[in-house]
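Reader: I've got a model open and would like to talk it through. Could you take my questions one at a time?

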Amino acid sequence: MNHRCLRSALALHPSAAPAFDAWSALGELGLRGAAVRAVRLEGGVLAFTGFARLSGAAEEELDVQLEEGLTPAQVAEAAWEEVEDVLRLLAAPPRVRQAFARELVRHASAARLAGWGVSVGRALPALAQRLHAPLREEPAPLRIIDAILARRRGGGGSG
Amino acid sequence: MSGGWEEHEAPPPLFGPLLPEDRAIALRATIGLFEGHLPGRIAGTAGRPTEPDRRAEALAALVTVETGMAAEAVRPADLTRIAARLRGRLQESPFAALLATPSEPSAAGVIAEELVAWVLAAALVRMREAPRENAITAALRNTRLLIVQDPGLLARLAPLPTGLGALVAKVRALEESAGLPTRLRHRLAPIRYLLDRWNRSKPAIFRPGGEGNGEEERPVRRQREGDIVRLTGGFRTAPMMAEGTAAEQEAEAASGGDALVVVEDMGDLAPGPVLRRRTVRIARAVATRALALPAENDPMTAHEAARLVEVLTHDPAAPGAGHLLTSLAFGLPVETVLSARAAAVTARLRLSAGPDGRLALSLVHRLPDPELIEELRSRAAEECLVLLAPRDLTAGALQGPPAGTEILARLRPRLARPMTAGRIARYKSDWLRRAGADMAVIGFLTGVDPARRAQMHYTAAHRADLQDWHARYLGEALGLTVTRPEPGSPETSGAYGSGIRLDDDILRALFDEQRRRLRDLRTGPVAPLSRIAAAHNAFALYTLMLLYLATGHRPVSHPFELLSDIDLETGLVWIADKATGPGSRAALLPPVARAQVAAFRTHLLRLAEMLALPTPGLVTQRVRPAAVTAGPAGRTLFFFLGARGELREMTLQAQLAELADVFPIQLNWTRHTLRSRLLADRAAPQSIDALLGHSHLGEEPFASGSGFSMGDLRVLSLRIEAALQDWGVTPCETPLGAR
């Protein structure tokens, strides 16, 4: 059943909160997500997004969001958006992948981590490796006060 | 089987031997547990029966056990009984009277019950602030009469809105509806007033006095000056990092006050009324003096000063002439001149002879060492200010007895009023004040104790300026020949006073580095809570630091209280930054600060958007109310967030914790920096004092009759704007949600 509502009327289910927070690490990629959207045309139901869900067993029941009044151009745009999302994910820079790995490790249960084939002891480096963004030894970020003092020393220490 | 007598004994008290106040807390905790964790009524489904309201059951049980009354046993009959008991004595407890007002089991009756609940609640809320306010009684009484006498009018309120704001609007609409008899209008008005009062009440902002460690009890100290005893101290200090050194806080605290000592003379046989009149006269004189303490008190005129200098320089060898001239030149009482001449090398005030035999005054103002990183320290532990006497005043002039009475007597025929030692000693500060010198500068030049003058704590004055004022006084006011110290000598270079002297490049680095950190913290339109919190905290800190620096706001918990205290159009901001005592004043935000406040509001709205899905409660209860620009719904402007999106209010401790990696020096460095800078920029001294909230009794800049105007604030805000630009302080965009 379709239920359209304003985004502001929607709250997050508490059970979904940890997963949402982990997913949020990909926020800057601007993903748009994909439910199965479809239009009715000449008696048939024509899907144009939610590709991952479309290829399943023939007898599986799908929730489909039926829409009306879309032009072919809008349909094409929506379909390409979904493909672009994949492109953005695959092209995500190491920084984003590492942040994603960090949030996953923070929010996922040990069982889930184990399910991903990640040992709990080395979860973060292993997951980052899996995401093709191996963690490098990063120096701890410079405290602002240290940066100020360093600039002062560098500037000849006048005053 | 237990004995039958046990059944008649009162059950053991629920909370045992707890004291009443602890019992209240225990009761509250129990209620909180029930309300937080027990479910209300759960409707049945197929295969599961309906669950009754367990929460209500538990609460009812609590009431029964705690008070010995069955909670569910409040039947109409009980209320009728109460009403009967109150008959003829309704005025004695309007609250109980309204509670026991019978209502019909009709639609109007339901409305009545709901209205009674609202009015009783509004009365209780108001009673916490003003228990005896007549508005409470009036509303309670009129609600009761409305239910009893005019149920028809009550029905016109149906259905009663669920929100308080809507309820007030509905009552107001009914009150203003055409054709309503005046009698009924007068009945509704008090009810609407009380409800509206609750609706408009802002949440009280509590500033805990001492938070955490570093508190110190400052005992009350008595200092006798003639008939007056000055009382200082008597409060707990806040941690030094938060509000500066104990001495600073004491100078800032509302001055302790003066007490009058009436010496009881057993030999005084004056009758009672005479003694009383005499006491009143003394008290009045003391009060006048207190009012006028920093102001001029019978100042010497320029003519009198000129005659005095003429006599003193014409006959320098006359007894006491040297002492009087020294007193006049340095603004010190003759007794102080004597003690300073005899003082040890380490003394606070010392008069000594230089190599050329000329007198020089060395002053040391023991300003406490600030909490400062060693590398930022630019002051030796104890500094000294050396002022040179006019050319002809040598150490030899202070030989002999200090009696100058003969000289003063010689002057008497030439002057309209008698010359006194006190008027001579005060002339320097009076003249400097009239010439436009700052209170801190005058304090430094005349050896005032910084505990008496908060301004001195906050001011690092250029030595060149101090020497200039001293020389101008000797030359212009007294017409004496002055030799200034060599330019470039230690006496004319650097600054004197407050130990917090931050170079411009430190300030530039501070704001530069923070902006760089904010760029690193930029997020997309969606981000994990920890990232959002880090970005928000850094941005709140930047905004807060900028506003502290732009207004001289004292560091306190919940600074800049509400956004509705700031007029974004004009930049006018109302500041109330004292934990205790009066300290509220107006300031004008310079354009940079105004832009930053606007940016912070945009930031709050964006924060609300980003948190709407993961933490909707935080958004509705804290984030959006902080961005409210008018009305009662606002909550304090600044807050921090924890890594899991939990709220951390802006206490001093929270500010210090957040600053630990950014700029860990005592929080009021902004006031030190701002005051010193404005003074160096030649801003009008009374404007600086008005901005920083330093005023003395009788001279408050925002009191009625004050000559201080908005125009003065505007001039000051332009100077602050220029200073902020020199320090590289610029408005900064929110790091949230930028694609």
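Reader: Let's start with A:E67: does A:E67 count as buried or exposed?

Author: A quick note before that: this is a predicted model, where local features need pLDDT of at least 70, side-chain atom pairs count only at pLDDT 80 or more, and totals for chains, interfaces and linings use all residues. Residues are numbered from 1 along each chain as its sequence is written, chains are lettered from A and ligands numbered from 1 in the order in which they are written, and side-chain values use heavy atoms, with hydrogens and water left out. Here buried means under 20% relative accessible area, exposed over 50%, and partly exposed in between (1.4 Å probe, protein chains only). At 12% relative accessibility, A:E67 is therefore buried.

Reader: Which residue does the side chain of A:E67 meet in a salt bridge?

Author: A salt bridge here is a side-chain nitrogen of Lys or Arg within 4 Å of a carboxyl oxygen of Asp or Glu. The pair in question links distant parts of the chain, 30 residues apart, with A:E67 in strand β3 (residues 65-67) of chain A and its partner in strand β1 (residues 37-41) of chain A. Strands (E, at least two residues) and helices (H or I, at least four) are DSSP runs, numbered from the N terminus. At 2.6 Å, N to O, the partner is A:R37.

Reader: Moving to the two chains together, how many residues of chain B are in contact with chain A?

Author: Contact means heavy atoms within 4.5 Å. The area buried between the chains is about 2400 Å², and carbon and sulfur atoms give 57% of that; buried area is the accessible area (1.4 Å probe) that two parts lose on being put together, summed over both. In chain A, A:I144, A:R151 and A:R152 lose the most area to chain B. Chain A brings 25 residues to the contact, and chain B brings 29.

Reader: Which helix gives the most to the side of chain A that touches chain B?

Author: Between the chains there are 12 residue pairs in polar contact, both residues at pLDDT 80 or more; a polar contact is a pair of N or O atoms within 3.5 Å, where within protein one must be able to donate a hydrogen and the other to accept it, and residues adjacent in sequence count only if both atoms are side-chain atoms. On the chain A side, α1 (17-23), α4 (94-107) and α7 (144-154) each supply at least two residues. With eight residues, the top contributor is α7(A).

Reader: What does A:R152 form a salt bridge with?

Author: Side chains of opposite charge can pair when their charged atoms come close. Five salt bridges are counted between chain A and chain B. A:R152 is buried at 14% relative accessibility, and its partner, with the closest N and O atoms 3.2 Å apart, is B:D503.

Reader: What relative accessible area does B:R463 have?

Author: B:R463 sits in helix α20 (residues 463-477) of chain B. A polar atom of its side chain lies 3.1 Å from the backbone oxygen of B:C384. Its contacts, leaving aside neighbours within four places in sequence, include B:E383, B:P490 and B:Y496. B:R463 is buried, and its relative accessible area is 6%.

Reader: And B:R675, what is its relative accessible area?

Author: The side chain of B:R675 meets that of B:D689 in a salt bridge, 2.8 Å from N to O. The pair joins helix α26 (residues 669-680) to helix α27 (residues 685-692) of chain B, 14 residues apart. B:D689 is buried at 9% relative accessibility. B:R675 is buried too, at 0%.
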